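This report covers the ligand surroundings and the domain arrangement of one protein model. The structure comes first, then the text.

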Amino acid sequence: MKTIAIIGGGPIGCYVGKLLAKAGYNVNIFEEHSTIGRPVQCTGIISKNLKDIVPVDSFVINKVKGATFYSKHKKFELHTNKMQAYIVDRCKMDKWFAQQAKKAGAKILFNHNFQSFSRQKNGKLKLKFENNKNFVCDILIGADGPVSRVAKSAKLFGKRDFLVGIQARVKGKFNPDHVEVYLGSICPDFFAWVVPESSTRARIGLATKANTNKKFKKFLSMFPNLDILEYQGGLIPMYKEKKVQKKNVYLVGDAAMQVKATTGGGVVTGLLAAKALADSIVRKKSYESKLKKLNRELKITRMIRKILNKSSDKKYNALLELANKPKIKKALLKHGDMDFPTKFVFKILFKEPRLLRFFF
Ligand SMILES: Cc1cc2nc3c(=O)[nH]c(=O)nc-3n(C[C@H](O)[C@H](O)[C@H](O)COP(=O)(O)OP(=O)(O)OC[C@H]3O[C@@H](n4cnc5c(N)ncnc54)[C@H](O)[C@@H]3O)c2cc1C
């Protein structure tokens with residue numbers, strides 16, 4: 001059976017590892033750290049679609065039912081009585097994925113910092129790790145996050161855009177059912193958030209292209225009387241259509257920029273891509289053609305993000321005012337989906353054509 005090397009023991013690497021080990025491949029997951037799940041670099045809000053991919057009970061710590069959006073002068077609340085998204089303990093979640101991979105027969109090798117690979121005459125790949133360890137495999141998968149060394153070594157990295165995200169886990173008083181989203185000049189390249197873990201704990205943060213620290217401090221100062229428990233942060237790659245395969249080398253998850261540019265969420269999209277990748281290897285089909293549907297959604301998120309990033313506070317105020325119309329709220333509640341914008345964007349534009357003004 002073929003030997004597969006996966007670089008990166010994050011959720012996406014471990015999930016693709018599990019699927020391939022289950023299909024009988026000799027799977028080896030190489031992780032640069034000495035443990036799984038640390039450092040945490042995620043807000044941990046994941047759409048309800050997650051439960052259609054994996055069972056979630058062991059790592060979900062809260063379930064939110066709605067969101068409040070703020071622009072400079074307007075507010076838009078979307079309340080439901082049904083769960084809309086999970087808040088996960090990201091460290092527990094990553095460990096769960098690693099356990100699943102191991103159960104299926106994958107090996108996880110810690111303290112293996114991948115450096116580069118070279119092709120051998122027989123088509124196999126020779127991987128080089130820090131401290132001169134080597135490994136030979138038939139297939140290499142880069143699930144090594146936003147600055148993927150596999151992508152660089154395969155010359156698949158190219159020009160990429162990133163946001164820098166920072167958040168604080170804090171102690172205070174919060175509505176456990178509601179996420180808060182702050183739009184406009186407070187965070188011009190993206191948005192700022194308050195994501196509750198419970199009624200006494202939340203993750204407060206934002207992501208931007210530049211001056212992240214300064215903007216984060218200003219945003220955090222809007223919430224006095226908080227106890228800071230810890231700071232977390234990391235890079236969020238913005239989706240761009242690029243090659244994600246070169247012969248027997250594949251990229252998946254953040255390494256392949258499979259992240260929604262609207263929300264910065266990459267867990268569900270990365271898991272869907274991992275499924276497509278495992279399936280394409282097992283069935284010897286094209287990975288890139290299996291990604292077509294997901295890429296279409298990701299492309300739309302990038303288009304929406306570009307439009308949003310050009311918006312002034314005035315435009316955001318107008319957008320939230322329109323969103324408050326009962327027919328829009330109703331349509332959002334009925335069709336809204338954090339992962340698949342094509343499911344609702346056109347329906348909502350059809351219901352309220354004045355929203356088009358926002359786009360031009
Ligand atoms: C601030 C912030 C907030 C976010 N919030 C959310 C959110 O709320 N919801 C959501 O869905 N997504 C969120 N994301 C995105 C999400 O975290 C990623 O999309 C997701 O982690 C991608 O998983 P992955 O397995 O592809 O990569 P990662 O989770 O980055 O895992 C990559 C793994 O590869 C290892 N690695 C890297 N380089 C090497 C190397 N050279 N050798 C060996 N190992 C290596 C790393 O140590 C790591 O374990 C957020 C991201 C950030 C930065």
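The shell around the ligand is made up of 14 nonpolar, 20 polar and five charged residues. The model is a predicted one.

Among the 39 residues around the ligand, those that come nearest are G8, G10, G165, G253 and G266. Several secondary structure elements each supply at least two residues of this shell: the helices α1 (11-22) and α5, and the strands β3 (45-47), β13 (162-171) and β17 (227-237). With four residues, β17 provides the largest share.

The protein chain is divided into three parts, as follows.

| Domain | Residues |
|---|---|
| Domain 1 | 3-39 + 90-159 + 241-303 |
| Domain 2 | 45-88 + 161-237 |
| Domain 3 | 310-359 |

Taken over C-alpha atoms, the centres of domain 1 and domain 2 are 27 Å apart. Their contact takes 14 residues from domain 1 and 16 residues from domain 2. On the side of domain 1 that touches domain 2, α2 (90-103) and α5 (267-282) each supply at least two residues. The element that gives the most to this side is α2, with four residues. By class, the residues on this side of domain 1 are nine nonpolar, two polar and three charged.

Technical notes. Residues numbered from 1 in each chain as written. Predicted model: local features only at pLDDT ≥ 70, side-chain atom pairs only at ≥ 80, totals over all residues. Domains from an automatic or database assignment. Contact = placed C-beta atoms within 7 Å. Nonpolar A, V, L, I, M, F, W, Y, C, P; charged D, E, K, R; others polar. Near = placed C-beta within 6 Å.
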